[in-house]
Amino acid sequence: MKIDFSPPDINEDDITAVSETLRSRWITTGARVLEFEEELAKWCKTAKVAALNSATAALQCALEILAIGPGDEVITSAYTYTASASVICHVGATPVIVDVLPDSYDLDPEAVVNAVTRKTKAIIPVDIGGVMYDYNTLRAVVNTAPVFRKYEPRPGTLQELFTRLPIIADSAHSFGATYHGQPSGSVADFTAFSFHAVKNLTTAEGGALTWRRGLGDGAPNALLSGEALDEEIYRRIKLYSLHGQDKDALAKSQGGWEYDIIAPLYKCNLTDIAAALGISQLKRYEQTLNRRRELVDLYTDLLTAGAAKGGYDLDILAHTKGEDTKSSMHLMMVRLLGRDDAFRRRLIIAMADRDVACNVHFKPLPMLSAYAMLGFDIANFPNAWSRYENEVSLPLHTLLTDEDVKYVCDCFAEAYAQSL
């Protein structure tokens, strides 16, 4: 039996939807992208969503919308994928990487407080494995800590909507999750989603940016509000995604051929082909989440029973925290308590020998060459190292059967014993 880590779940309806788009002869950004955006906004309970070609582009657009650039600092977590920090570099700002909480994958709010300077312009927390970050706690710290009085919004920009640091969620993992009853996308100020091939919902490559209704915190002299603000943010994102061109191909095809370039911007638009796949996947996304929940519950039961029987100790990522806070169940993350990096590596190889593909989420940013060269040292991030050194992500996707999960857990028990 061969168990892949996270193959895309593509059915005949998905293939038909993409084929119909190809036959329509309109394959770039058009009506299907608009439809996809509308359906995503319904899921997120937000006024607007802007579809883009990646979550990375979405994060960068959020920074651009807030006029963050050279001379500014943005705080993010040591325990994340490079996109959370690389976009800060892309806009010319300085990434400020801080540690996670002890015994947690979550950005430490107190570490954020200690990292704030007058140059700080935003915070990028991360939703790990599909579990949403504790935004209320971070927002409370942002609103009350005296250090945040240092926040100085740049005049004439959307920073003026805030009297405290804006929160931009890296929610690449959490589309479909809820936090105290609120869907991912409606909690942080801005939220970036990924629809990459390994995500719960895929467009092959793709992402989206959304923002909560009533963006900002009632700051005086705010530039815009309500529907006008939503439309302006959406307009600006679309400009960033299409070279700064004030008309997309669909608008030009309808007789208005002439266009202007407002600024020399980027190219990160989503295509109708990708959107067609996303629309089709959205139609069954509730069933997708339900099945992932069943798989996580089965994994948890079997691994817990195996640990009791085998005498090993595991820390399994908790995907549900009460009735109104639920994960999107993106990753089956397990920590091998009392074991080190060398043991974890032996176990993953032993699993591969049994044709079960595993992964690790994540290698902390300070361990990567790009961030080490910026002066970050993993020795200064002990909590991130502690989470990383014995974490293993087991296969989790909706092509798995219950028997597949049982096989993975049996292999895990054998591989653990072999790795001692």
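A crossing of two helices is termed right-handed if the near helix is turned clockwise from the far one by less than a right angle. The views below are taken from a predicted model.

**View A. The crossing of helix 11 and helix 14.** Helix 11 (residues 341–353) and helix 14 (residues 402–419) have axes that come within 9 Å and cross at roughly 130°. Helix 11 is therefore oblique to helix 14. The crossing of helix 11 with helix 14 is right-handed. On the side of helix 11, the residues in contact are F343, R346, L347, A350 and M351. Their counterparts in helix 14 are V408, C411, F412, A415, Y416, Q418 and S419.

View B. Zero disulfides are found in a search of the whole structure. For C358, the closest cysteine sulfur is that of C411, at 9.2 Å, which is too far for a bond. A disulfide would require the two sulfur atoms to lie within 2.5 Å. C358 is buried, its relative accessible area being 15%. C409 also counts as buried, with a relative accessibility of 9%.

**View C. Helix 3 and its two ends.** Of the 11 residues of helix 3 (residues 55–65), 10 are buried, so the helix is largely enclosed by the rest of the structure. The buried residues are A55, A57, A58, L59, Q60, C61, A62, L63, E64 and I65. At the start of the helix, S54 places a side-chain oxygen within 3.4 Å of the backbone nitrogen of T56. Just after the helix, A67 adopts a positive phi of about 60°.

View D. Most residues other than glycine have a negative phi. R25, which is not a glycine, has a positive phi near 70°. R25 belongs to the loop between helix 1 (12–24) and helix 2 (31–44). With a relative accessible area of 77%, R25 is exposed. A67 is likewise not a glycine, yet its phi is positive, at about 60°. The loop that holds A67 runs between helix 3 and strand 2 (73–77). A67 counts as partly exposed, at 27% relative accessibility.

**View E. The cis peptide bond between H361 and F362.** Most peptide bonds are trans. The bond that joins H361 and F362 is cis, with omega about -5°. F362 is located in the loop between helix 11 and helix 12 (369–372).

View F. Q281 is part of helix 9 (residues 272–283). The relative accessible area of Q281 is 5%, and the residue is therefore buried. Leaving aside residues up to four places away in sequence, Q281 touches D9, I10 and D14, together with N200, L201 and T202.

Key:
Residues numbered from 1 in each chain as written. Predicted model: local features only at pLDDT ≥ 70, side-chain atom pairs only at ≥ 80, totals over all residues. Heavy atoms only, no water. Buried < 20%, exposed > 50% of the residue type's maximum accessible area, 1.4 Å probe, protein only. Helix = DSSP H or I, 4+ residues; strand = E, 2+ residues; numbered from the N terminus. Polar contact = N/O pair within 3.5 Å; in protein donor to acceptor, adjacent residues only side chain to side chain. Axes fitted to C-alpha atoms, helices over the stretch in contact; angles between N-to-C directions. Parallel < 35°, antiparallel > 145°, perpendicular 65-115°, else oblique. Contact = heavy atoms within 4.5 Å.
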